[in-house]
Amino acid sequence: MKGMTIIVRKVTQFIAPIIFLFGLYIVFYGHLTPGGGFAGGVIMASAFILQILANGEILDKLRQEESGLEFLESGAILGFLIIAGLGLIISSSFVFFSNFINKGIVGKLLSAGMIPLENIIVGTEVCAAITTIFIALVVFKDEVAL
Amino acid sequence: MEIYLIIMLILMICGSLFSLHAKDLLSAVISYGIVGFGLVISFLLLQAPDLAIVQVVIEIVTLVIMIAVIKDTTEVQDKQTASFSQFIYLLVLLLFTIAFYLAFDKISGSLSPFGQHTTRMATAYTQGVHETGSANLVTGIVFGFRGYDTLGEATVLFTAVIGVLTILRLKGKKGE
């Protein structure tokens with residue numbers, strides 16, 4: 001895959017971190033403002049997609065990233081299951097997905113028990129999944145050309 | 001507010017019609033974007049910002065992927081010529097439109113107002129702020145009351161990635 005001109009690369013250098021930061025904000029404040037794990041994860045993935053499209057000729061690096069992303073995605077979904085199972089084991093009510101951490105005050109950043117944790121895990125999973133799909137489309141297409 | 005919604009819907013229908021009749025695939029995909037972004041504005045008008053955020057980002061990502069695919073493949077679509085069969089299609093379309101209009105006219109008169117019998121669960125959910133502790137009700141429902149749903153959605157995404165990797169990978173991971 002070919003990269004783009006120097007104008008696009010420089011603008012991408014400035015914009016991609018801001019998009020990534022906005023995605024992190026959406027994930028971390030998911031229990032207070034609109035958004036959540038899915039939306040924030042896709043926003044973070046779009047920052048990576050922008051980078052890949054702008055600087056395209058780093059194919060060998062991308063191939064290494066792919067296995068790391070697969071690991072991240074599988075680990076995130078395993079963590080989601082573990083968090084759901086913790087509710088079954090630890091809490092007194094013995095319910096899957098039981099929210100046993102202290103709820104705190106409604107409206108504060110550290111509140112709502114396990115919901116922020118689940119938001120972060122789902123955000124990681126969605127970000128890794130969509131970036132993996134995009135990298136797969138890019139890398140394997142170039143493998144065919146070679 | 002309803003008049004804005006109707007304008008957006010008409011715009012979306014026009015966009016999808018144009019994308020059906022566009023000359024090349026690139027303009028078809030871009031005009032299909034009208035449908036997605038119109039849907040975003042419709043969600044905002046219906047006061048669903050959570051859905052609007054997800055929809056706008058997904059729309060951008062799919063548009064980028066589709067344009068990337070079309071840039072690498074053929075750009076001109078094979079055009080079908082108008083013939084006698086199109087006249088029959090139009091006739092069937094007209095018949096079905098009239099039939100559906102009459103049916104919905106009959107049905108919507110005899111139904112109870114929207115949400116009358118389905119709000120028992122919804123009232124339980126709206127009181128759930130004190131149970132989940134989440135100020136954003138949608139996240140509270142998605143991760144609290146509907147945890148199994150979220151687990152299923154995450155699994156669907158996981159399965160999709162496995163499918164893409166399995167189909168697209170030609171060489172083995174170790175190399176040959």
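This is a predicted model: local features need pLDDT of at least 70, side-chain atom pairs count only at pLDDT 80 or more; totals for chains, interfaces and linings use all residues.
Trainee: Okay, what secondary structure does chain A have?

Mentor: Chain A holds four helices and zero strands, so reading from the N terminus its elements go α-α-α-α.

Trainee: And what share of the contacts in chain A join residues at least 24 apart?

Mentor: If you take the contacts in chain A between residues at least 6 apart in sequence, 71% of them join residues at least 24 apart.

Trainee: Now chain B, how many helices and strands are there?

Mentor: Chain B comes to eight helices and zero strands, and from the N terminus on the order is α-α-α-α-α-α-α-α. Of its 176 residues, 12% count as buried, and among the contacts in chain B between residues at least 6 apart in sequence, 38% join residues at least 24 apart.

Trainee: How many residues of each chain take part where the two touch?

Mentor: On the chain B side there are 35 residues, and they are in contact with 42 residues of chain A. The elements of chain B that give two or more residues to that side are α3 (49-72), α6 (129-132), α7 (137-145) and α8 (147-168), and the largest share, eleven residues, comes from α8(B).

Trainee: What classes of residue are on that side of chain B?

Mentor: The side of chain B that touches chain A has 22 nonpolar residues, ten polar ones and three charged ones.

Trainee: Switching topic, how do α1(B) and α2(B) lie against each other?

Mentor: Two packed helices are described by the angle between their axes and the distance between the axes. Here the axes of α1 (residues 2-21) and α2 (residues 25-45) of chain B come within 8 Å and cross at roughly 165°. Because angles over 145 degrees count as roughly antiparallel, α1(B) is roughly antiparallel to α2(B).

Trainee: Is that crossing left-handed or right-handed, and which residues meet there?

Mentor: The crossing of α1(B) and α2(B) is left-handed. Residues in α1(B) including Leu5(B), Met8(B), Leu11(B) and Phe18(B) meet residues in α2(B), among them Ala28(B), Ile34(B), Val35(B) and Leu45(B). By class, the residues of this contact divide into 13 nonpolar, six polar and no charged.

Trainee: I noticed Gly33(B), where is that and what does it touch?

Mentor: Gly33(B) is in helix α2 of chain B and is partly exposed, because 17 other C-beta atoms lie within 10 Å. Leaving aside neighbours within four places in sequence, Gly33(B) is in contact with Glu59(B) and Leu63(B). The C-alpha atoms of Gly33(B) and Thr62(B) are separated by 9.4 Å, although these residues are 29 residues apart along the chain.

Trainee: What about Gln47(B), what is its phi?

Mentor: Most residues other than glycine have a negative phi, whereas the phi of Gln47(B) is near 60°, which is a positive value. Gln47(B) is found in the loop between α2 and α3 of chain B, and with 8 C-beta neighbours inside 10 Å Gln47(B) counts as exposed.

Trainee: Last one, how many residues of α4(B) are buried?

Mentor: The count is zero among its 27 residues, so α4(B) is hardly covered. As for its length, the 27 residues of α4 (residues 84-110) of chain B should span 39 Å at 1.5 Å a residue, and the end C-alpha atoms are 41 Å apart, which agrees.

Methods
Residues are numbered from 1 along each chain as its sequence is written. Chains are lettered from A and ligands numbered from 1 in the order in which they are written. Two residues are in contact if their C-beta atoms, placed from the backbone, lie within 7 Å. Ala, Val, Leu, Ile, Met, Phe, Trp, Tyr, Cys and Pro count as nonpolar, Asp, Glu, Lys and Arg as charged, and the others, Gly among them, as polar. Axes are lines fitted to C-alpha atoms, for helices over the stretch in contact, and angles run from 0 to 180 degrees between N-to-C directions. Angles under 35 degrees count as roughly parallel, over 145 as roughly antiparallel, 65 to 115 as roughly perpendicular and the rest as oblique. A crossing is left-handed if the near helix is turned anticlockwise from the far one by less than a right angle, and right-handed if clockwise. The expected span of a helix is 1.5 Å times one less than its number of residues. A residue is buried if 20 or more other C-beta atoms lie within 10 Å of its own, exposed if 12 or fewer, and partly exposed in between; C-beta atoms are placed from the backbone.
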